[in-house]
Structure formats: C-alpha cells, structure tokens
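Subject: Structure for you to look at

Hi,

Here is the structure I promised. Please open it first, then read my notes below.

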Amino acid sequence: MNKVGLTLLTAVFGGAVALGGYKLIENKKFDGMSFEDKQKVYFANNPTGVMSSTGNPDFTQAAAAVSPGVVHIKTTYSRKGSQQSQGSPFDMFEEFFGMPQGGGRRQMQAQPVQASGSGVIISDDGYIVTNNHVVEDADKIEVVLTDKRTFEAKLIGRDPNTDLALLKVSGKGLPVVKLGNSDNVNVGEWVLAFGYPLGLQSTVTAGIISAKGRQIGILNEGQHQRGNPFGGGQEQIPVSSAIESFIQTDAVINKGNSGGALTNASGELIGINSAIASPTGTYAGYGFAIPVNLVKKIVDDFVEYGNVKRGYIGVTYTEITPELAKEKGFTDVDGLYVQDVVGGGAAEAAGIKKGDILTKINGKVITGSPVLSETIGRARPGDKVNVTYKRDGKEKQVTMTLKGEESLKTASTGGKASKSATEIYNKLGASFIPASAQKKKELGVNSGVVVTQVNRGGIFDYFGVERGLVITEVNGKAVNTVDDVEAALGATQRNIVRLKGVSPQGGAVQLSFPVEY
C-alpha cells in the first residue's frame with residue numbers, strides 16, 4: 001500500500017474513532033438534560049416550520065404538527081372489593097373525563113372496568129405526560145397513536161397535588177409536541193385543544209384563553225377522598241399542597257380530552273387539559289388546563305428523583321377581600337394576608353411575621369393565591385425566591401430559601417393540641433403483628449409490622465388500606481412492634497399521619513391521611 005493510501009486510511013479511521021467518542025459523550029450528556037433542553041436539541045434537528053396565525057386564523061399547520069404527538073390512553077381497572085361512598089365531590093369529575101365509577105365504596109366489580117383519556121408525547125423516546133386522574137389506580141395502561149401503533153405504558157410517576165402523571169413507552173423516533181412557555185400566553189390569544197373526546201378519534205378544537213391563574217377547588221375537594229395507597233406509590237399530601245393555577249379556555253373540551261394538549265397557534269404546548277366546569281358534564285364553555293411551565297418541573301422531578309421535590313414557603317395565609325381590608329384597615333386590594341408563620345419554614349427564617357401582607361414574588365404581583373402556589377410549585381427545596389411584603393404600610397423585600405416538608409414544624413396557632421398517640425392508634429382501626437425475619441428479607445426491608453386486620457369504620461378502612469400491608473415507617477420512624485407504632489404516632493404533626501411500607505404484591509407504598517376526617 002502506498003503512503004497516500006495509508007495516510008488516507010489512517011485519517012478515515014481516526015475520524016471514525018473521534019466521531020464515535022463524540023457521540024458517546026453526546027448521548028451521556030443528552031441523558032442528563034431536562035425535557036425542555038432535550039427538546040431544544042430535537043427541534044434544532046427537526047424544525048416544524050409552524051408560524052403564528054395572523055389575520056384570518058389558519059390553524060392547519062399547527063394541527064398537522066401537534067396531532068401525531070397527542071395519544072389516546074386506554075386504562076383497565078380490576079377493583080376487587082372496591083366500595084365507594086355516595087356523593088363524592090369527584091363523581092361529576094369522573095363523569096367529565098370517563099373515569100370508572102367505583103374508586104371507593106361501591107359494589108364489587110366482577111369484570112374489569114375500562115376508561116380512556118388523552119396524553120402528550122414530550123420526547124421521541126417515549127415519555128408521555130397526562131393527568132393523574134386518567135391513570136390513577138389503573139392495572140393496565142395502553143397508549144394508541146394516531147397512526148394506530150399501540151404500546152403498553154409504564155407509570156413513571158404521578159402527583160395528585162397537580163393532577164399530573166408521566167408515562168413511558170418503549171417506542172423510538174416518536175412524534176413530539178413542542179413545549180412552549182405558559183408565562184407568555186395572554187388572555188384573548190387563540191389556542192387549540194387536542195384529544196380523544198366522547199369516544200372519537202383524534203380531535204382538534206379552537207378557542208381563546210379566557211383567563212389565567214384560575215383556582216376552581218377541584219384538587220382540594222378530592223385530596224383525601226381519592227387515591228388508593230397502592231396505586232403508584234405517591235403520597236397523599238395535605239390539602240394545602242394542591243396547586244391550582246389553571247389556564248381557562250373556551251376551546252371545546254369534553255370527556256376523554258383529559259390529559260390532552262392545549263397549544264398556542266404556533267403549535268407549542270402551553271397546557272395539559274385537566275377539567276371542565278359544566279352543569280351537564282359536557283362542554284359549556286369553561287375548560288381548564290395545567291400551565292406547561294409547572295408541567296415541565298413536575299415531569300423532570302419524576303425522571304430525576306422518582307417523586308416530586310416540593311419546596312415550601314412556610315406560611316398560612318388568606319386572600320385580601322374588601323371585608324378583610326376594611327377590618328384590618330388595609331388600602332391594598334392585591335396580596336395575601338399572613339395568618340401564621342410555620343416554625344422552621346423559609347418565611348420564619350426570612351423574618352416574615354403574622355399580619356404581614358405578601359405583595360410580590362420574584363417581581364410578580366400576587367393578585368391571588370394561584371400566583372404564589374404556582375411559583376412555589378415550580379421550585380424545589382433549596383431554591384431561592386424573592387418576596388416583597390408590607391408591614392405597617394412599609395414595603396420590604398427578602399430572599400427566602402425554600403425548605404422541604406420534613407423541615408416544617410407545627411405552627412404556633414394556639415389551636416387544639418395534638419391527639420394522644422393512643423387515641424390516634426385506636427382511630428386507625430387495625431391490628432398489627434411484627435413482620436418475621438423471613439418476610440423482611442423477602443421484601444428487602446429492615447423493619448416492619450404486618451396489618452392483620454382492618455376494622456369497619458376506622459381510618460384504615462376509610463382510606464382503603466388492606467390486610468397484608470407491611471408498614472416499615474410511621475411518621476419517619478422505623479417500626480417493628482405494636483408499641484413502636486404507638487410511640488411513632490406520638491410524633492404526628494398537624495394531625496397528619498404518614499406511613500411508608502410495602503404492599504402484599506411488593507410495591508412501595510407512601511400514604512398520608514388526616515387523623516380527623
């Protein structure tokens with residue numbers, strides 16, 4: 001071989017090695033990116049060419065770009081022995097979006113129940129965002145694309161406090177809906193709603209943004225009335241942790257649209273359709289979507305941490321009403337009145353006191369509680385937020401470092417004292433025995449008591465806890481005996497008991513419930 005040929009071969013080989021090494025490094029870097037950063041790379045290589053509609057609305061390009069990335073989700077439930085109390089505030093909510101009736105105290109279901117909703121593909125390797133209520137407690141989750149490809153999905157994480165869930169299918173090169181910026185959307189702006197309503201195939205409707213930052217109370221209502229402790233391992237956090245700051249739209253949304261996409265005229269995802277307000281259960285002009293900027297944080301948490309990392313400001317507050325302003329002598333119409341400061345929280349460390357008025361967060365005027373809850377909901381423990389507040393008519397600014405829930409102490413409200421450990425134990429309505437060494441080894445745990453009996457009318461019965469559950473921790477303390485359980489119940493804070501354990505099927509369980517219900 002002559003020198004020229006050898007030189008050429010060496011150059012080609014060296015280039016291939018360099019390219020291969022670059023690709024290996026690039027793939028590792030890509031795996032550590034957030035979904036938003038991954039999408040920037042994806043759309044740099046796969047431009048959509050969709051432009052904003054001007055003049056006479058024309059949504060054809062946006063519809064063509066988004067529709068393939070919105071999927072039909074079919075769920076199957078086998079609620080053995082499930083029963084539901086009558087008059088649940090979620091009954092109508094279930095009817096809106098095709099959820100199976102029978103989550104708590106209804107008659108036994110002899111046959112599996114099926115329901116359906118929608119979802120949005122946010123990465124070409126198969127991550128799909130939808131609503132928590134679409135997949136909660138499902139035994140099987142099936143995803144169908146517009147091209148009829150069908151995949152069985154696994155649940156990566158779900159969060160009742162935001163009504164969001166993340167799924168994963170094994171497909172590659174899937175169509176992706178581009179993530180937008182919900183902070184930039186305006187009232188009156190054209191939007192499109194995508195999904196699978198009323199048993200129909202892929203459907204697109206158009207409307208405008210009717211309002212932003214809507215709080216409709218649907219997550220607060222159902223916080224302690226829904227949720228099987230064995231369904232996905234997510235903890236039922238107290239009602240005050242629910243985050244509602246919905247985008248309201250008059251684009252037609254119906255049963256089956258839940259979990260689908262709300263996009264701007266450029267085809268960028270600005271929200272996940274979640275609820276409707278209607279006297280009939282069908283479209284009446286009021287639909288609500290979860291802002292995509294909140295969605296981004298929640299789904300990234302699912303992938304990086306396995307659960308939602310929630311930061312807390314550590315105050316209890318009320319919105320300023322004309323009546324409250326008159327009573328307190330306020331001139332402010334916006335802001336939140338601090339009723340109390342939680343010991344050990346970020347607000348206490350920053351010097352916030354009872355009676356202060358929170359007026360801005362990160363420079364944004366606090367017009368109501370949704371502004372504060374969404375901003376904090378998009379942050380994690382350790383993140384810093386800038387808060388403006390008024391005290392004695394003078395405006396001040398502080399920087400707070402958010403803390404996790406475990407750092408919060410009982411607020412000094414002067415209210416009722418915590419119940420005794422024995423009283424709480426009796427309210428559980430259950431019997432326990434120490435888990436055997438063999439059982440602990442089988443489940444891979446170092447502690448545990450087994451629930452051997454659940455009495456009718458007790459807390460465990462009310463929240464659907466089953467016999468056979470191995471409880472490993474109560475209020476963060478390891479338990480191995482009945483006495484350990486009672487002692488740990490003495491550490492109950494804010495009348496919320498927190499349990500960790502392993503289900504009879506081997507799944508991780510986290511459950512929180514109020515002592516009084």
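Two strands count as paired if DSSP finds at least two bridges between them. Keep in mind that this is a predicted model.

Start with strand S18 (residues 384-391) and strand S19 (residues 394-401). They run antiparallel, and 8 bridges join them. Is Asp392 buried or exposed? Asp392 counts as exposed because its relative accessibility is 76%, and the cut-off for exposed is over 50%.

**The barrel**

Next, go to the barrel. Which strands close it, and in what order? There are 6, in the order S8-S9-S10-S13-S12-S11, with antiparallel pairing. On average, neighbouring strands of this sheet are turned by 45° against each other, direction ignored. Helix H7 packs on the sheet. H7 touches strand S12 (269-276) and strand S13 (287-291), and its direction makes about 50° with that of S13.

Look also at where S8 meets S11. Strand S11 covers residues 261-264. S8 and S11 run antiparallel, joined by 3 bridges. Ala193 has Leu262 as its bridge partner in S11. As a general point, strands of a sheet pair through backbone hydrogen bonds, either parallel or antiparallel.

Leu198 is in the loop between strand S8 (190-195) and strand S9 (203-214). Here is another positive phi in a residue other than glycine: Leu198 has a value near 50°. Leu198 is partly exposed because its relative accessibility is 47%, which falls between the 20% and 50% limits.

**Val295 in H7**

Last, zoom in on H7, residues 292-305, where Val295 is placed. Val295 counts as buried because its relative accessible area is 2%, and buried means under 20%. What does Val295 touch, leaving aside its neighbours within four places in sequence? Val295 is in contact with Val129, Leu164, Ile272 and Ile290. Ile270 is 25 residues from Val295 along the chain, and their C-alpha atoms are separated by 9.4 Å.

Best wishes

How values were computed
Residues are numbered from 1 along each chain as its sequence is written. This is a predicted model: local features need pLDDT of at least 70, side-chain atom pairs count only at pLDDT 80 or more; totals for chains, interfaces and linings use all residues. Side-chain values use heavy atoms; hydrogens and water are left out. Helices (H or I, at least four residues) and strands (E, at least two) are DSSP runs, numbered from the N terminus. Buried means under 20% relative accessible area, exposed over 50%, partly exposed in between (1.4 Å probe, protein chains only). Contact means heavy atoms within 4.5 Å. Axes are lines fitted to C-alpha atoms, for helices over the stretch in contact, and angles run from 0 to 180 degrees between N-to-C directions.
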